[in-house]
2 protein chains.
Amino acid sequence: MFDYIRNGTDIYKKSFCIIREEACLSHLPEDLATVVVRLIHACGMTDIVQDFEASATALVSGRQALKDGCPILCDSQMVANGITRKRLPAENPVICTLNEPEVPAIAQQINNTRSAAAMELWRSQLQGSVVVIGNAPTALFRLLEILDETTDRPAVILGFPVGFVGAIESKQALAENSRNVPFMTLHGRRGGSAIAAAAVNAIAQESEL
Amino acid sequence: MFDYIRNGTDIYKKSFCIIREEACLSHLPEDLATVVVRLIHACGMTDIVQDFEASATALVSGRQALKDGCPILCDSQMVANGITRKRLPAENPVICTLNEPEVPAIAQQINNTRSAAAMELWRSQLQGSVVVIGNAPTALFRLLEILDETTDRPAVILGFPVGFVGAIESKQALAENSRNVPFMTLHGRRGGSAIAAAAVNAIAQESEL
């Protein structure tokens, strides 16, 4: 038998305690710091703080939208699976359109990736939604293009695509002009579904545990 | 319209090209380097190479097991969702027992987390399986404890738990004594479901794309 902490709540508490000891959070308002603590918890890296950026209203806007029952639109199944349903305040629908049967045809038609094509199926639900992108830079680029074509606006964009091609650029494009939508992002190559889902989980419920 | 690469295959190719330019892979055999490239691709960080460790036979053993139709046992739904089904050589079952109805009762009984308790339901399928841990350190600790209680052996353990409490220690325990099971791991706090799923995807299919 190994000697390790076997109680889930104790593990959470100790993790958050270590993170608050090690991470530089003092420049952030307390409620945003709580979000960043959860992002750090999801990836094991305290230095992501330096790459984090959020609109002043992102947290409040996202939290209110969730309380009002808005849908959560996710770019990948991994993101959707990472969202803790019992934290959601209004049994909010968690939607991922990536595997809808019409997506490959749309991708061919708009000459873009399947991830970008899946955004087209969000249009009717975009207004007031929480948008979460944790995988594909092309999804974030396409979302911004769609926002230039419509006046519908999500309540918040959680933009955390990851990788070597387009991740930096798409997150920079979001931060430079988020089309009047409050946003959170992690600049650079890092990101991913666990961090993106953690952002939703942090916004969904004020308490850490 | 933004200027970005919209073709999925081109994005993959360019990503892998950038990774191979930037990452120090020369000390690794070519087939293991291909695995590490995919792990890097999943997280956006080329410096994980330094924390990667694998048994000499891990790749061959895992690949053969998958060809033989073995199940893939995952500690979380996010890992299960990250496995690309069309890469699997034998329509291998992808199993996550975390949400089985008996898990909370088992957790209480063994005085451990739900993630650790879910391992108990793996016992009958452990022999010859591909085991993937991408979330919970307690799951990896409990797996090693179970291997001390049985002679059944997985074909490979892909041990990638993440975080601040037990992640370093459980991966160290795996590397120090993997109970005669070939393994791959990423030492330190980093890990997670995307990296763990990427390891399966890399083992499942020789070609990168």
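Author: Helices are DSSP runs of H or I with at least four residues, strands are runs of E with at least two, and both are numbered from the N terminus. The model is a predicted one, in which residues are numbered from 1 along each chain as its sequence is written, and chains are lettered from A and ligands numbered from 1 in the order in which they are written. Local features need pLDDT of at least 70 and side-chain atom pairs count only at pLDDT 80 or more, whereas totals for chains, interfaces and linings use all residues; side-chain values use heavy atoms, with hydrogens and water left out.

Side chains of opposite charge can pair when their charged atoms come close. Here a salt bridge is a side-chain nitrogen of Lys or Arg within 4 Å of a carboxyl oxygen of Asp or Glu. Over all chains, the structure holds 24 salt bridges.

One of them pairs R142(A) with E145(A), at 2.7 Å from N to O. These two residues are 3 places apart in helix α7 (residues 137-147) of chain A, so about one helical turn separates them. An α-helix has 3.6 residues a turn, so residues three or four places apart point the same way. Burial is judged by relative accessible area: under 20% is buried, over 50% is exposed, and values in between are partly exposed (1.4 Å probe, protein chains only). With 8%, R142(A) is buried, and E145(A) also counts as buried, at 4%.

A second pair in chain A joins E120(A) and R123(A), whose closest N and O atoms are 3.0 Å apart. E120(A) is buried, with a relative accessible area of 17%, whereas R123(A), at 28%, is partly exposed.

Another salt bridge links E22(A) to R189(B), with 2.7 Å between the closest N and O atoms. Because E22(A) belongs to helix α1 of chain A, and R189(B) to the loop between β6 (183-186) and α9 (193-204) of chain B, this pair joins two chains. E22(A) is partly exposed at 40% relative accessibility, and R189(B) is partly exposed at 23%.

A network of salt bridges links R6(A), E120(B), R123(B), R142(B), E145(B) and E149(B). Two of these residues, R142(B) and E145(B), are among the buried residues of α7(B). In that helix (residues 137-147), 11 of the 11 residues are buried, so the rest of the structure largely encloses it. Contact means heavy atoms within 4.5 Å. The buried residues of α7(B) pack against α1 (8-22) of chain A and, within chain B, against α5 (103-110), α6 (114-119), β4 (130-133), β5 (156-159) and α8 (167-176).

Strands β4 and β5 of chain B also take part in an open sheet of 6 strands, ordered β1-β6-β5-β4-β2-β3, with mixed pairing. Its edge strands, each pairing on one side only, are β1 (52-54) and β3 (94-96) of chain B. From one strand to the next, the twist averages 15°. Two strands count as paired if DSSP finds at least two bridges between them. Strand β2 (residues 72-74) of chain B is joined to β4(B) by 3 bridges, and the two run parallel; L73(B) has V131(B) as its bridge partner in β4(B).

Helix α8(B) lies across β1, β5 and β6 of chain B and runs at about 150° to β6(B). For such angles, axes are lines fitted to C-alpha atoms, for helices over the stretch in contact, and the angles run from 0 to 180 degrees between N-to-C directions.

In helix α9 of chain B sits I203(B), which is buried, with a relative accessible area of 1%. Leaving aside residues up to four places away in sequence, I203(B) touches L59(B), G62(B), R63(B), L66(B), L158(B) and M184(B). Its C-alpha atom is 9.4 Å from that of S61(B), although 142 residues separate the two along the chain.

As to covalent links, a disulfide is a pair of cysteine sulfur atoms within 2.5 Å, and 0 are found over all chains. The sulfur of C74(A) has its closest cysteine sulfur in C96(A), 6.5 Å away and therefore too far for a bond. C74(A) is buried, at 1% relative accessible area. In chain B, the sulfur of C96(B) is 6.6 Å from its closest cysteine sulfur, that of C74(B), which is again too far for a bond; C96(B) counts as buried at 12%.
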